[in-house]
Amino acid sequence: MKKKIVLALGIFASLILSAQNNVEPKYLLTTKSCSVGYSILSFIDPYLSPAVYSGNGLTYVSDSRRYFTPNNNLYSSQSRFRILGGSMLNPTSSSEMIYLGINYGWGANYHFRLNNNLKILAGGLLDVDVAFKDISRNINNPVNLDLATNFNITGLLLYDIHMKKRTLQLQVAMQTPVAGYMFVPFGGASYYDMFELGSLTDAFHFSSVYNKRGLDQTYTLNVPFNSVTWRLGVRLHNLKYKANELVFKQNEVSFIVGASFDVITFGGRKRTAPANFISTNN
Amino acid sequence: MKNLIIALFALFALASCIDEPETQPNTYAGNFESLWKIIDQKYCFLDYKNINWDSIYTVYKPRVDTVSNQYVFFDLMGSMLGELKDGHVNLYSAFDKSRYWKWFTDYPTNFSSSLIGTNRYLGSDYRIAGGFQYATIDNGKVGYMCYEDFSDGFSDTNIAYILKSFSNCKGLIIDVRNNGGGSLDLSSQLASYFFTEDKVTGYMSHKTGSGHSDFSKPVEMLTVAHPTIQWKRPVVVLTNRLSYSATNAFVCRMKEAPNTLIVGDKTGGGGGMPLSSELPNGWLVRFSAVPMFDANMNQIEWGIDPDIKVDMSLADEAAGYDSIIEKAISLIK
């Protein structure tokens, strides 16, 4: 009898182990969002001009989010690429400013699930700004560069709105710079003496809420339709910073439309794609 | 969560420390205030020229109240800028450009393009390369190159050909009279062919604040000897009062070049690199912002004295001679 019990337990144990071995592996999905937008811009760059330049622009934003590991749905990473180009005029329309800016950021978020419909992601994002402003009629100071890196506090609220046929999602994203490093030339310095002669003293500044304030808000409504989630939204970006006695302002209102979709990627050193995933590379 | 909200409010309360950029209304008074302030905070020679800019305000402010139209206002603002006695200061509107020209109109011309065009000098068979008009003169013993504008670009190849054509000459004349300036890069590049080793030939500074004496520590302006193209025989640089701005900077470098003499009149100056700003009405203002100094840290805003001062004489001119070129030829011989 004792032998029969041991045998039965052995078979049972081996079945459990076998069942565990047959659990499907988890793959991380990356949620990608691509949006384009029309922007209304208003800039003050006192290095180039004390006047307010206003105009229009076009923007493109690409955003990716994924959890760090398949087994933990509390922590996720985010990467974002944003480009904005625009043309602005001074109040008397006698001078034009051309703007081209690129921003890349990487960050991490913690997920608070408040109820079935409401989730908040809070975290930080490290970003790099590279922008070029040009007033071509200026003499010896036609260009100013915005070079900055920032650590930002970020927050994202996701609220599901259940309709009859589909579930919409309202997203409210907020971001504000906390600390960083930025390039701001003296108003009386030329790029010739800064970059040809190397006179860059005091052109780079530590930034904090004391001398750099900004709030970047994006309100988006996600509408699922077939295999893609369409996005409609508005972005309000206000930035003000000061260094070397110069106060810079940048206000942007963008109306954006885009799409959001989940993708799975297999790449890097470990080609982890299982055999039943077909790729053109194989 | 409550702490987080309090922290966020604290952040924005701190952020209110950033002042709003000051803007003036687009009125005569607002534009006057704006122009006066731009010069007050950014013009780099107020102290050096002993200009009491506050008293200029006192003199001109009441006149603004009597202005009847934009033309009168423009002339008034042009007059105010004229107090700076600076060829680099201009006010640009859609209908006019203010200027101060006394830095050359009050002096002898010391240049005659018709004389240079005679067969004794360039004649009609001269060559042109990269903005240079060049020929051998004095029976092929002296090379002569005339450069009228430091905005006309040139390459090493241009210079190599020009200097090669002077290979049998005893020396070279570089005529930068009536050259009102242009690119500082080109002035540095042209000087580089006449140095055999790198040398500090000047300094540059810039304003670091709104105070009249707020300047950065001067940085060296190095003239880097060209690695392959080097003219080692005598050079004479011809100057007059219209040798201005980047040309002034070129002469400043050539003062330190070996085997080189500056001959003619004092240069016009323009030793402050100009930057620009604008008024609420959209007018552009250009002003000297970045002072340059010679190798001994002397200002070059008022011009650079020649090594040998020569003015053109009417008698020589009537006889078909350019007194300054003739002096240069005699020095090379």
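Modeller: Happy to. At the meeting of the two domains, 25 residues of domain 1 of chain B are in contact with 25 residues of domain 2 of chain B. Please keep in mind that this is a predicted model. On the domain 1 side, the elements that give two or more residues to the contact with domain 2 are H2 and E1 of chain B. H2(B) brings the largest share of that side, eight residues. Sorted by class, the side of domain 1 of chain B that touches domain 2 has 12 nonpolar, 10 polar and three charged residues.

As for the bounds, the domain assignment of chain B places domain 1 at 24–98 and domain 2 at 105–332. Taken over C-alpha atoms, the centres of these two domains of chain B are separated by 31 Å.

Next, the nonpolar core. The largest one has 78 residues, and the members that touch the most others are Tyr144(B), Ile173(B), Val236(B), Val237(B), Leu238(B) and Ala328(B). Both domain 1 and domain 2 of chain B give residues to this core, so it lies between them. Take Ala328(B) as an example: leaving out residues up to four places away in sequence, Ala328(B) touches Ile173(B), Val236(B), Leu238(B) and Val263(B).

Helix H4 of chain B, residues 70–82, also deserves a look. Its 13 residues should span 18 Å at 1.5 Å a residue, and this agrees with its end C-alpha atoms, which are 18 Å apart. Phe74(B), Met77(B), Met80(B) and Leu81(B) are buried in H4(B). These four cover an arc of only 120° around the axis, which puts them on the same side of H4(B). The general rule behind such a pattern is that an α-helix has 3.6 residues a turn, so residues three or four places apart point the same way. The buried residues of H4(B) pack against helix H2 (28–42), helix H3 (53–64) and strand E1 (90–92) of chain B. Here we meet H2(B) and E1(B) again, the elements named above for the domain 1 side of the contact with domain 2.

Finally, the partner chain: 36 residues of chain B are in contact with 38 residues of chain A. By class, the side of chain B that touches chain A has 19 nonpolar, 11 polar and six charged residues.

Technical notes:
Residues are numbered from 1 along each chain as its sequence is written. Chains are lettered from A and ligands numbered from 1 in the order in which they are written. This is a predicted model: local features need pLDDT of at least 70, side-chain atom pairs count only at pLDDT 80 or more; totals for chains, interfaces and linings use all residues. Two residues are in contact if their C-beta atoms, placed from the backbone, lie within 7 Å. Ala, Val, Leu, Ile, Met, Phe, Trp, Tyr, Cys and Pro count as nonpolar, Asp, Glu, Lys and Arg as charged, and the others, Gly among them, as polar. The expected span of a helix is 1.5 Å times one less than its number of residues. A residue is buried if 20 or more other C-beta atoms lie within 10 Å of its own, exposed if 12 or fewer, and partly exposed in between; C-beta atoms are placed from the backbone. The arc is that of the directions from the helix axis to the C-beta atoms. A nonpolar core is a set of buried Ala, Val, Leu, Ile, Met, Phe, Trp, Tyr and Cys residues joined through C-beta atoms within 7 Å. Domain bounds come from an automatic or database domain assignment.
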